Amino acid sequence: MAVYYISNNGCDKNNGLTPETAWATIDHANQNISGGDQILLRCGDIFYGKITLPEGTAENPTVISSYGVGERPQICMYKITTSPEIWTEVQPNIWRTSLLDKANYTGNMYTDDTNVGFIMADGEIHGFRKFEFPDLSVQWDYLCENEFIYVFSEGNPNSLKREIRFSVNGYVITPMGHNIISNLDLCGSGGHGIAGIYHNVQILNCRIHEVGGSILVGYSNPRTRYGNGIEIWQDTENVTIDNCHIINCYDVAFTMQGYPEKGGWSRVSLKNCVMWGNHQSFEIWSRIKKIDGGMFECEFMNNVCIGAGMGWSDGPRPNKDCGAHLLFYATDCSTHDIKVKNNIFYDSKYALYYKMYGELPSDYDSDENFIYLRPETKLINSPYSYSFDEIEEFKKRSGKEKNSTFRKVTPTDETMEQLAERLKKECFGE
């Protein structure tokens, strides 16, 4: 079991065993680490690519974290362009560049993926991906075709904006088992932030942001886009997510989903997190493979969830009305032993709940929350719906939020960070 250091001042020819002999890239770490190792990234540095963590043991978990002082180290999947010379105008206002030609970009040089989830131009996200050339009609509309990205722009893109970032498909971190992920900043994936089938994993004090929008390869609808902050697939146990910030995801901040073959999801806890600008905050969905599968001893507690359906993905996505804090598609498993308590759900563009069909699972225990909504926002968006003025009727039918506190949203010019801190003091006395 070894401790390896990675620094922007390092060199992959070093042994990586001290801060003075640090490696330079997480790509090198991917090729050299073993289960039970610790991988420490220097605070304040940015590392490009993605990492898969080998499985550790209970006695020696595989750890990825930070060392030094300063901002969390960042793992970033963006491909970045800064030069006008790499662009060719192939039609009036249609500009093309190759995202396979490494002479064209910096940043994530470690993947040949060109499935772009969104464009970030000088810090502003543009997510309007098109699938036919005639649909490229508004500034920053884009289309992916093989190695090329085509962008509608009234001028050379890198003449209009100094830096353009392209998120590409994939997961920033893929855990396996007996892993600890802590004190990291993860961004720029067109897929998920952290995702996989994993067990005995802790995700602590991380910031996950600017995620999603790539095409879900292999899905029946070839134009389906996706991307979650943290996704936990089926047959998972003993996972804790604590004190994380999850921001600006195409889909949901946190989801448990899949087709259980062994048992489902056991002892999964997400707590003390802050999330905003995601299309949804918390999702479950399940299809039956194991008849008695489901969610067991799971919890979503003490979180602050702000602005569901109000992020960058609301504009380009076709199914806008699923923007809600609590999301349900299929809920076919037999057990939904989940406690959703002591959370703050603040503002949602469409609804507090979204249910694709049928009733909410009876054993999904959502109560004692603080819920702030606009008068026009639905309590649930489903084949049936209730308005803010029909809270008692909603409680009676759904069995949810019986002891929750409902308040109306009031206008504010606070930043999301300021708002989150105010709400915690207002609701929890912190």
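Visitor: What makes the pairing of the S98 and E147 side chains a polar contact?

Guide: The two side chains come to 2.6 Å. A polar contact is a pair of N or O atoms within 3.5 Å; within protein, one must be able to donate a hydrogen and the other to accept it, and residues adjacent in sequence count only if both atoms are side-chain atoms. The model is predicted: local features need pLDDT of at least 70, side-chain atom pairs count only at pLDDT 80 or more, and totals for chains, interfaces and linings use all residues. Residues are numbered from 1 along each chain as its sequence is written, and side-chain values use heavy atoms, without hydrogens and water.

Visitor: Why is S98 called buried?

Guide: Its relative accessible area is 7%, and buried means under 20%, exposed over 50%, partly exposed in between (1.4 Å probe, protein chains only). S98 is therefore buried.

Visitor: Why does F148 count as partly exposed, and why does Y150 count as buried?

Guide: F148 has 23% relative accessibility, so it counts as partly exposed. Y150, at 6%, counts as buried.

Visitor: What makes F300 and F345 a stacked aromatic pair?

Guide: Their centres are 6.4 Å apart, with 5° between the planes. Rings of Phe, Tyr and Trp (its six-membered ring) pair if their centres lie within 6.5 Å; planes under 30 degrees apart count as stacked, over 60 as edge-to-face and the rest as tilted. The F300 and F345 pair is therefore stacked.
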